[in-house]
Amino acid sequence: MKKICMITTVSITMQSFVVETAKHLHETCGYDVTLICNEDADFAASLPPDIRFIPVPMARGVDLSALRSIRCFYRIFKREKFDMVQYATPNASCYASIAARWCKVPIRLYCQWGIRYVGFGGLKRTLFKALEKLVCRNSTHVRAVSPQNRAFAVAEGLYPPEKAAVVGNGGTIGVDMTTYDMVQKEIWRQTVRTQYGLQENDLVFGFAGRVSADKGCAELLAAFRALSKSEPRARLLIVGPMEENCGVPQELLAWAKASERVVLTGKIDNRDMRLYYAAMDVLCHPTYREGFGMVIQEAGALGVPVITTAIPGASEVMEDGVSCVLVPPKDADGLQAAMEKLAADEERIAALGQAAYARTRERYERTVMLANQREDYRTLLEG
């Protein structure tokens, strides 16, 4: 029986992007699977008995406790003798890749779900690029989250092209379309719109994620404020937590909080996100950097069209002009223009939404993604 270990920094990432793969590999391939992330008793209790969990403390950000984490990984890898160690997210990947290389783990798989330094500048960019290179050098294989992310990494000298591949059409775990059920969409839509005082004829532009500068929230607020002056039906539904020092100008945040046209829900349970997507007419996702855009796939599963940025990852999930609209990053005027065009053409919104649903079902439905991953693991582990 092949022994594999799957690692992320925190349990929420593990639960969202890894657990279903772990269960699928154990059930279909018979692999002995161990999961490692920060201590979380509730997460541990939620796992089936045949999936092992080992907590390892890992601080987020640059921290001297990294040495302790690396030592913990080294002891675990020496003891367990895994055939494969897989890691994702920055800190977990850094610590685990070092320890796995020291322990000569045969297959060291880096799941490059995004490239963190892309949004940085100056010394910070130099430091985080060096750390990214270190992880790639320690790994025997890399799985880039999308073709454009792979091409960018190769151009940046992070690894040679033969070291990396993209599984299927890109992405991670895909969308469970039995959960994102189109049959329930109208009920969910009415529930959320009633809760927040949104009328049936309101044109709701949505945003899903943390409110921060690198998610394009400054451009989104500026674009919507301008749009709202000429489009009385327009509303903005922002679903996600607002961070302190988020980088969005305070003047824009103050306007959004005071505006009757903007709904700020704050953080919600991820299991309820499908209700909020259903309430949207268009999802706005003007991010500066992206792995592969899970929110784009989730919106697509409910037939919600997306305006997103022409950057690696985000621009690859859907097809520009067919199932999404692409705009330049950091361009409030371009985003406003795209929103205005859709506001004036509801038939276009419906056509984009239908195409987004079809593309999601074909490419990103969870059973499709799991099958792609299973074949990739078999290739790596069994030849």
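Reader: A residue is exposed when its relative accessible area is over 50%, and buried when that area is under 20%. In this predicted model, does K330 count as buried or exposed?

Author: The model is a prediction, and K330 is found in the loop between strand 13 (324–327) and helix 14 (332–343). K330 has a positive phi of about 60° although it is not a glycine. Its relative accessibility is 58%, and because the cut-off is over 50%, K330 counts as exposed.

Reader: Which loop holds K104?

Author: The backbone of K104 has a phi near 60°, a positive value in a residue other than glycine. With a relative accessible area of 67%, K104 is exposed. Its place in the chain is the loop between helix 5 (90–102) and strand 5.

Reader: In what order do the seven strands of the open sheet lie?

Author: The pairing in this open sheet is parallel. Strand 3 (52–55) and strand 7 (164–166) are the edge strands, each pairing on one side only. From one strand to the next the twist averages 20°. With strands 3 and 7 at the edges, the order is 3-2-1-4-5-6-7.

Reader: Which residue in strand 2 stands opposite I7?

Author: Strand 1 (residues 3–7) and strand 2 (residues 32–37) run parallel and are joined by five bridges. I7 falls within the range of strand 1, and the residue opposite I7 in strand 2 is I36.

Reader: At about what angle does helix 4 run to strand 1?

Author: Helix 4 (residues 66–80) lies across strand 1, strand 2, strand 3 and strand 4 (84–87). Its direction is compared with that of strand 1, and the angle is about 165°.

Reader: Which strands does helix 6 touch?

Author: Helix 6 (residues 122–138) packs on the sheet. The direction of helix 6 makes about 145° with that of strand 5. Its contacts are with strand 4 and strand 5.

Reader: Is Q86 buried or exposed?

Author: Q86 lies in strand 4. Leaving aside residues up to four places away in sequence, Q86 touches C5, M6, I7, L109, C111 and Y377. Its relative accessibility is 4%, and because the cut-off for burial is under 20%, Q86 counts as buried.

Reader: Which element gives the most residues to the lining of the largest cavity?

Author: About 250 Å³ of space lies in this cavity, and 21 residues line it, with C111, W113, G171, T172 and Q373 nearest its centre. By class, the lining has twelve nonpolar, seven polar and two charged residues. Strand 5 (107–112), strand 6 (141–144) and helix 16 (366–382) each supply at least two lining residues. The element giving the most, with five residues, is helix 16.

Reader: What is the volume of the second largest cavity?

Author: Two cavities of 30 Å³ or more are counted. By class, it has six nonpolar, one polar and three charged residues. The volume of this second largest cavity is about 40 Å³.

Reader: How many residues does helix 15 give to the lining of the second largest pocket?

Author: This pocket holds about 360 Å³ of space. Of its 20 lining residues, K185, D281, G303, I349 and A350 are the closest to its centre. Helix 8 (185–195) and helix 15 (346–363) are the elements that give two or more residues to the lining. Helix 15 gives the most, and its share is six residues.

Reader: How many charged residues are in the lining of the second largest pocket?

Author: Divided by class, the lining has eight nonpolar and four polar residues. The remaining class is the charged one, and its count is eight.

Reader: How many residues of helix 12 are buried?

Author: Helix 12 (residues 294–301) is mostly covered. Its buried residues are M294, V295, I296, Q297, E298, A299, G300 and A301.

Reader: Which residue with a positive phi follows helix 12?

Author: The phi in question is near 70°. The residue is also among those closest to the centre of the second largest pocket. The residue that follows helix 12 with this phi is G303.

Note on methods:
Residues numbered from 1 in each chain as written. Predicted model: local features only at pLDDT ≥ 70, side-chain atom pairs only at ≥ 80, totals over all residues. Heavy atoms only, no water. Buried < 20%, exposed > 50% of the residue type's maximum accessible area, 1.4 Å probe, protein only. Helix = DSSP H or I, 4+ residues; strand = E, 2+ residues; numbered from the N terminus. 1 Å grid on protein atoms, 1.4 Å probe; cavity = no way out; pocket = protein on both sides within 12 Å on 5 of 7 lines; lining within 4 Å. Points joined across faces, edges and corners; volume = space filled by probe spheres on them. Nonpolar A, V, L, I, M, F, W, Y, C, P; charged D, E, K, R; others polar. Pairing = 2+ DSSP bridges. Axes fitted to C-alpha atoms, helices over the stretch in contact; angles between N-to-C directions. Contact = heavy atoms within 4.5 Å.
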